Amino acid sequence: MNEQQKRKISTFMSLVLRHKPEEIGLQLDENGWALVSDFISKMNGKGNTLDVESLEEIVSTNDKKRFAFNDDKTKIRASQGHSVTVDLALIEIIPPETLFHGTVEKFIDEIKTKGLLKMSRQHVHLSKDKETALKVGSRRGNPVILIVNSSEMQQDGYKFYQSENGVWLTDHVPAKYIQF
Ligand code: HQG
């Protein structure tokens, strides 16, 4: 499988495992898992040619480690980014002093009033480094980087989590904690 094929399948896997499992007739359990055997056969029903080996390669080489297997590799799920309701059983952890969020200018006025909202996803996504935030913002145009005073939020009782692939997650960042 070449890089282009892997990227195409992984983009489709993000759609299925985060947003639209019904696209291939799949059901996720309450923790977001799908049975690997079921997932492969349903993906292939939509014209893919996946097998256990190629799926393992996609999971292990994915640039952001977007997907994970369970311990015995019988199940697969997306590590974050869901819009469907799943319980990832995330454990609350203490964030660094500041975290970053990449967005674009057209959202700034709204963010100044409402803060950062999770929009269609289950969490607001933040990163520990500016570079990642820059990439996230660049998906939508000229990126604007916001600095979030995460320690202060945590001291005020807001909860932070980290996904298996290192993305920082929280429910809402009120504007007063954001450096614009
Ligand atoms: C913006 C990618 C108006 C927010 C990335 C963002 C990430 C507001 C957009 C992951 C707002 C939501 C998530 C408000 C937030 N008013 N706009 N009050 N609050 N926004 O895609 O963080 O490559 O749901 O700034 O790496 O961009 O797919 O979130 O622009 O980790 O694995 O509303 O997606 O990961 O957009 O990206 P998204 P995001 P993957």
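**The ligand and its surroundings**

The shell around the ligand is made up of six nonpolar, four polar and eight charged residues. Keep in mind that this is a predicted model.

Which residues come nearest to the ligand? Out of the 18 around it, they are Arg18, Lys64, His101, Thr103 and Arg121.

Now some atom pairs. Thr103 has a polar side-chain atom 2.7 Å from an oxygen atom of the ligand. His125 also places a polar side-chain atom by a ligand oxygen, at 3.1 Å. With Gly115 the backbone is involved: one of its polar backbone atoms is 2.9 Å from a nitrogen atom of the ligand.

How much of the ligand does the protein cover? On its own the ligand has 780 Å² of accessible area, and the protein covers 90% of that. The space that the ligand takes is the largest pocket. Two elements give two or more residues to the shell, namely strand S4 (99–104) and helix H4 (108–114). Of the elements, H4 gives the most, with three residues.

**Single residues**

Next, please find Glu53 in helix H3, which spans residues 52–61. Is Glu53 buried or exposed? Its relative accessibility is 62%, and the cut-off for exposed is over 50%, so Glu53 counts as exposed. Thr85 is 32 residues away from Glu53 along the chain, and the C-alpha atoms of the two are separated by 29 Å.

Asn149 sits in the loop between strand S6 (143–148) and helix H6 (150–155). Asn149 is buried because its relative accessible area is 16%, and buried means under 20%. The side chain of Asn149 is joined to the side chain of Gln179 by a polar contact of 2.7 Å.

The last two residues are a matter of backbone angles. Lys73 is not a glycine, yet it has a positive phi of about 60°. You will find Lys73 in the loop between strand S2 (67–69) and strand S3 (75–78). With a relative accessible area of 44%, Lys73 is partly exposed.

Ala89 is not a glycine either, and its phi is positive too, at about 50°. The loop that holds Ala89 runs between S3 and S4. Why does Ala89 count as exposed? Its relative accessible area is 54%, and exposed means over 50%.

To finish, go back to strand S4: Ala89 is in the loop between S3 and S4, and S4 is one of the elements that give two or more residues to the shell around the ligand.

Technical notes
Residues numbered from 1 in each chain as written. Predicted model: local features only at pLDDT ≥ 70, side-chain atom pairs only at ≥ 80, totals over all residues. Heavy atoms only, no water. Near = heavy atom within 4 Å. Polar contact = N/O pair within 3.5 Å; in protein donor to acceptor, adjacent residues only side chain to side chain. Areas by Shrake-Rupley, 256 points an atom, 1.4 Å probe, with all protein chains shown as cover. 1 Å grid on protein atoms, 1.4 Å probe; cavity = no way out; pocket = protein on both sides within 12 Å on 5 of 7 lines; lining within 4 Å. Sits in = over half its atoms within 2 Å of the grid points. Helix = DSSP H or I, 4+ residues; strand = E, 2+ residues; numbered from the N terminus. Nonpolar A, V, L, I, M, F, W, Y, C, P; charged D, E, K, R; others polar. Buried < 20%, exposed > 50% of the residue type's maximum accessible area, 1.4 Å probe, protein only.
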